[in-house]
Amino acid sequence: MSAGPAVGDMVEEFELPDETGTVRRLSDLLVKGPVVLFFYPAAMTSGCTAETCHFRDLAADFAAVGASPVGISRDAVARQKRFAETFQLGFPLLSDPDGTVARKLGARRNFAVGPFLTRRMTFVIDVDRRLLEVIHSETGLNVHADRALELLRSRSKT
C-alpha cells in the first residue's frame, strides 16, 4: 500500500464514472465546495451500507457546511447504481474497478482481506484540491462522516 498524500498535500486530479456512468472529475466535484471522498470496500455489504447510509442521513449537515460526500469503491457502475437506488443515497458513487484512485490515495491494500482490496478511508478535500484530513477506521462505521463533519464545522466557524 502506498502512503498516499498527507494533510496539506494537493490531491491529484482524477476522473471516474459515477453510478449513472457519467464521468466525474475531482475538480468538477469541488466546484460547489469541499468534497468528503470516502472509500468503502464493497457496495451492498452490511458495513459499507451502514457507513454510506450514515453519510446519507447527514446530508443536510454536510450541505450546511457547503460540503459534498462522494463514495468510491471497486464496484462496477451497475452495482453502484443498484446501491444508490436501493438506499436512496443522493450523492455520487464512483466506480474505481482497477483501484487506480485508491492506489494513488493510499486506500488500496497490498493484499486482499477476503474479497476486499479497498481500505475504509475518508479524505476531506478542499476546493483547491488541498487535503484537509485523512480518516482511517476499518470498524468505526460512523467515524468517517462524523469526523469529516466535525472538521468542516470547525473550519466554517473560523
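Which residue, with a positive phi, follows α4? That residue is Q88, with a phi near 45 degrees, and we will come back to Q88 after a walk through the rest of the chain. A word on the ground rules comes before that. This is a predicted model, in which local features need pLDDT of at least 70 and side-chain atom pairs count only at pLDDT 80 or more, while totals for chains, interfaces and linings use all residues. Residues are numbered from 1 along each chain as its sequence is written, and side-chain values use heavy atoms, with hydrogens and water left out.

Let us begin with the overall build. The chain has 6 helices and 9 strands; helices (H or I, at least four residues) and strands (E, at least two) are DSSP runs, numbered from the N terminus. Along its principal axes, the C-alpha trace spans about 45 × 35 × 30 Å. The radius of gyration is 14 Å, which agrees with the value near 15 Å that a compact globule of 158 residues would have. That radius is taken over C-alpha atoms, and the globule rule is 2.2 Å times the number of residues to the power 0.38. Of the 158 residues, 49% are buried, where buried means under 20% relative accessible area, exposed means over 50% and partly exposed lies in between (1.4 Å probe, protein chains only). The accessible surface comes to about 7,400 Å², and carbon and sulfur atoms own 53% of that area; the areas come from the Shrake-Rupley method with a 1.4 Å probe, and for residues only the protein chains shown count as cover. Contacts (heavy atoms within 4.5 Å) tell a story too: among those with a separation of 6 or more, 65% join residues 24 or more positions apart.

Now turn to helix α4, which runs over residues 77-86 and has Q80, F83 and A84 as its buried residues. They sit on the same side of α4, because they cover an arc of only 95 degrees around the axis; the arc is that of the directions from the helix axis to the C-beta atoms. An α-helix has 3.6 residues a turn, so residues three or four places apart point the same way. On the other side of α4, A78 and E85 are exposed. And what covers the buried residues? The cover includes α2 (46-57), β4 (68-73) and β5 (93-95).

How many aromatic pairs does the structure hold? There are 7 aromatic pairs, a pair being rings of Phe, Tyr and Trp (its six-membered ring) whose centres lie within 6.5 Å; planes under 30 degrees apart count as stacked, over 60 as edge-to-face and the rest as tilted. F38 and F91 pair edge-to-face, at 5.8 Å centre to centre and with 70 degrees between the planes. Because F38 lies in strand β3 and F91 in the loop between α4 and β5, this pair ties together parts that are 53 residues apart in sequence. Both F38 and F91 are buried. Y40 and F83 form a tilted pair, 5.7 Å centre to centre with 55 degrees between the planes. Here Y40 lies in the loop between β3 and α2 and F83 in helix α4, so the pair ties together parts that are 43 residues apart in sequence. Y40 is buried at 0% relative accessibility, and F83 is buried with a relative accessible area of 0%. F38, Y40, F55, F62, F83, F87 and F91 form one aromatic cluster.

What about the cysteines? The structure holds 0 disulfides, a disulfide being a pair of cysteine sulfur atoms within 2.5 Å. The closest cysteine sulfur to that of C48 is in C53, 11 Å away, which is too far for a bond. C48 is buried at 2% relative accessibility, and C53 is buried at 11%.

Finally, back to the backbone. Most residues other than glycine have a negative phi, and most peptide bonds are trans. Q88 is not a glycine, yet its phi is positive, about 45 degrees. Q88 lies in the loop between α4 and β5 and is exposed, with a relative accessible area of 66%. R129, not a glycine either, has a positive phi of about 75 degrees. R129 lies in the loop between β8 (121-125) and β9 (131-136) and is partly exposed at 26%.
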